[in-house]
Amino acid sequence: MNKIGIFFGTNSGTTRLMAKKMAKLLGDVAAKPLNINRTTAEELLQYDALILGTATYGIDQLPGKSTDIQDGSWEDFMPQLAGKDLSGKVIALYGLGDQEKYPDRFAHSLIHLYRWGVAGGADVVGQWSTEGYTFKQSPAVVDGQFVGLVLDQQSQSLLTEARLSAWIEAIKPALLAKLVG
């Protein structure tokens, strides 16, 4: 597929809103963002360049029916992707979290998407600095950086637009290279 696929899991709609903002920043090269509970593995895997987003619910797990998301989310979708070869794909990740309410597990759901991408052989891009965040621990920090963009709409919503713009500009070359390569 000659576009960037954007897939997200959401319950309250915030992760969806962020996906729509990213698609707008990317313009015509972005496909319409899709909720992961309304798609198939085949549809996701048709893209060589992907942006995947998740909210954080529960403890050390992906959001889904077990975290009271009635329509399901990443937790329910990931079994369809088990064992899929992601070689040649470029994946950028973003996650939402609340660093004040959950400082001991801030944006932890993001690590599960990261591990899946790496295990499948994808090139995971878009690591993000932990500077400017106040939290105690996050499994989504690898080698001193978040594995993707982390947004806190609860306590840092005024920083979201700037973070989104900077991150999109940072990942755009890698994603676009997959579209022409």
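What follows is a set of questions and answers about a predicted model.

Visitor: How are the residues numbered, and what limits apply to this predicted model?
Guide: Residues are numbered from 1 along each chain as its sequence is written, and side-chain values use heavy atoms, with hydrogens and water left out. Because the model is predicted, local features need pLDDT of at least 70 and side-chain atom pairs count only at pLDDT 80 or more, while totals for chains, interfaces and linings use all residues.

Visitor: How far apart are the end C-alpha atoms of helix H1?
Guide: Helices (H or I, at least four residues) and strands (E, at least two) are DSSP runs, numbered from the N terminus. The expected span of a helix is 1.5 Å times one less than its number of residues, so the 13 residues of H1, residues 14-26, should span 18 Å. The end C-alpha atoms agree with this, being apart by 19 Å.

Visitor: Within what arc do the buried residues of H1 fall?
Guide: Buried means under 20% relative accessible area, exposed over 50%, and partly exposed in between, with a 1.4 Å probe and protein chains only. In H1 the buried residues are Thr15, Met18, Ala19, Met22, Ala23 and Leu26. An α-helix has 3.6 residues a turn, so residues three or four places apart point the same way. Taking the directions from the helix axis to the C-beta atoms, the buried residues of H1 line one face of the helix, because they fall within an arc of 140°.

Visitor: Which elements are included in what covers the buried residues of H1?
Guide: Contact means heavy atoms within 4.5 Å. What covers the buried residues of H1 includes strand S1 (4-8), strand S3 (49-54), strand S4 (90-96), strand S9 (149-151) and helix H5 (160-180).

Visitor: Which residues does Leu26 touch, not counting residues up to four places away in sequence?
Guide: Leu26 lies in helix H1, and it counts as buried because its relative accessibility is 6%. With residues up to four places away in sequence left out, Leu26 touches Ile4, Ile6, Ile51, Ile168 and Lys172.

Visitor: How far apart in space are Asp28 and Lys3, C-alpha to C-alpha?
Guide: H1 is followed by Gly27, whose phi is positive, near 75°, and Asp28 lies in the loop between H1 and S2. Asp28 is exposed, with a relative accessible area of 71%. Asp28 and Lys3 are 25 residues apart in sequence, and from C-alpha to C-alpha their separation in space is 8.0 Å.

Visitor: What is the relative accessibility of Ala107, and what is that of Asp143?
Guide: Most residues other than glycine have a negative phi, and most peptide bonds are trans. Ala107, in the loop between S4 and H4, has a positive phi near 55°, and Asp143, in the loop between strand S7 (141-142) and strand S8 (145-146), also has a positive phi near 55°. Ala107 counts as buried, because its relative accessibility is 2%. Asp143 counts as exposed, because its relative accessibility is 81%.

Visitor: Which residues does Glu100 touch, not counting residues up to four places away in sequence?
Guide: Glu100 has its place in the loop between S4 and H4 and is exposed, with a relative accessible area of 62%. Glu100 and Ser155 are 55 residues apart in sequence and 7.1 Å apart in space, C-alpha to C-alpha. Not counting residues up to four places away in sequence, Glu100 touches Asp152 and Ser155.

Visitor: Which residues lie nearest the centre of the largest pocket?
Guide: On a 1 Å grid over the protein atoms alone, a pocket is an open set of points where a 1.4 Å probe fits, with protein on both sides within 12 Å along at least five of seven lines, and lining residues have an atom within 4 Å of a point. The largest pocket has a volume of about 390 Å³, a volume being the space filled by probe spheres set on the points, which are joined across faces, edges and corners. Of the 19 residues in its lining, those nearest the centre are Thr56, Tyr57, Gly97, Asp98 and Gln154.

Visitor: Which elements give two or more residues to the lining of the second largest pocket?
Guide: The second largest pocket holds about 160 Å³ of space. The lining is made up of Phe8, Thr10, Arg16, Lys20, Lys32, Pro33, Leu34, Asn35 and Arg38. The elements that give two or more residues to this lining are H1 and strand S2 (34-35).
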